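Please read it alongside the sequence and the model.

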Amino acid sequence: MPLLEVRQLSKVFGGVKAVQNVSFSIDAGIVYSVIGPNGAGKTTLFNLITGVYTPSEGEIVLDGENLAGKSPNELARRGVARTFQNLQVCMNMSALENVMVGAHLRLDRNLIKAALRFPGLVGRDRQLRAEAAELMDFVGLEKYVGARADCMPYGALKRLEIARALAMKPRLLFLDEPAAGLNPKETLEVDELVRKVADSGVTVVLVEHDMKMVMNLSDRILVLDYGKKLAEGTGEEVRRNPDVIAAYLGAHA
Ligand SMILES: Nc1ncnc2c1ncn2[C@@H]1O[C@H](COP(=O)(O)OP(=O)(O)OP(=O)(O)O)[C@@H](O)[C@H]1O
């Protein structure tokens, strides 16, 4: 049985069909990428699966349970974590505290309650602190363990988001453009990190415009165009698909 099964998923905003009847499944342990031209519906699809949007139609089945319409918090407790296209780091907290927020989201039923309780928990919970420091080490941010978030460079903040998502101990991690805005060296580092995360047993779903990174990392690729599924398969299959070449890769060839 696949870890995630998306069935006939649709999202309509007013008159815009952002996602139309999209179905696919993701096996545990793979890197699965979603690509497509600007406006193809990638972010909307992410927002649907991670509970930010409620689907207009369709099912999102994780381990046999339909999660369509559940909140991001409920999904987090079922092992679904994500990062965002635009950084969502709390700049008035330390790097370590940002990572600890991920653990609190995992542990607490109520997101607001978690935020309110946070100052008290910082002092008490040594274990979460150690866990967060370990994750910072895992993503290559060991030198920023004592840093304030607002003193960190952009590339490091992108990795900090990944550490925070990992603190939720996800089974399924959604990365929305983890290499956006990074230089080639930083992109390569994120590429290596995503591989490391996948090797640690977390199933990764990636939206990324950097085709080299997508082709390097992905076990399977879903191609969206105008909200519809255009193709799905291995990198090689997708690259050779005439519809994909015409609609998307052709523009880069
Ligand atoms: N909240 C919203 N309200 C109205 N329309 C929306 C909303 N979000 C997305 N759309 C529309 O849905 C379509 C898909 O947008 P989406 O952002 O999902 O595409 P994308 O593939 O992620 O694009 P990009 O690569 O530029 O990030 C677009 O036509 C967009 O304008």
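## Chain overview

Of the contacts in the protein chain with a separation of 6 or more, 66% join residues 24 or more positions apart; two residues are in contact if their C-beta atoms, placed from the backbone, lie within 7 Å. This is a predicted model, in which local features need pLDDT of at least 70 and side-chain atom pairs count only at pLDDT 80 or more, while totals for chains, interfaces and linings use all residues. Residues are numbered from 1 along each chain as its sequence is written.

The protein chain has 10 helices and 10 strands, taken as DSSP runs numbered from the N terminus (helices H or I, at least four residues; strands E, at least two). Of its 253 residues, 42% count as buried. A residue is buried if 20 or more other C-beta atoms lie within 10 Å of its own, exposed if 12 or fewer, and partly exposed in between, with C-beta atoms placed from the backbone.

Helix α1 is largely enclosed by the rest of the structure, because 7 of its 8 residues are buried. These are Lys 42, Thr 44, Leu 45, Phe 46, Asn 47, Leu 48 and Ile 49. Just after α1, Gly 51 has a positive phi of about 85 degrees.

## Nonpolar core

The largest nonpolar core contains 72 residues, and Val 99, Met 136 and Ala 163 have the most contacts inside it. Such a core is a set of buried Ala, Val, Leu, Ile, Met, Phe, Trp, Tyr and Cys residues joined through C-beta atoms within 7 Å. Neighbours within four places in sequence aside, Ala 163 is in contact with Val 99, Leu 135, Met 136, Val 139 and Leu 141.

## Helix α7

In α7, the buried residues are Thr 187, Val 190, Asp 191, Val 194 and Val 197. Seen down the helix axis, they fall within an arc of 125 degrees, so they line one face of α7; the arc is that of the directions from the axis to the C-beta atoms. The buried residues of α7 pack against β3 (31–35), α6 (154–166), β7 (172–176), β8 (203–207) and α8 (211–217). Exposed Lys 185 and Asp 199 are on the face of α7 turned away from its buried side.

Just after α7, Gly 201 takes a positive phi of about 105 degrees.
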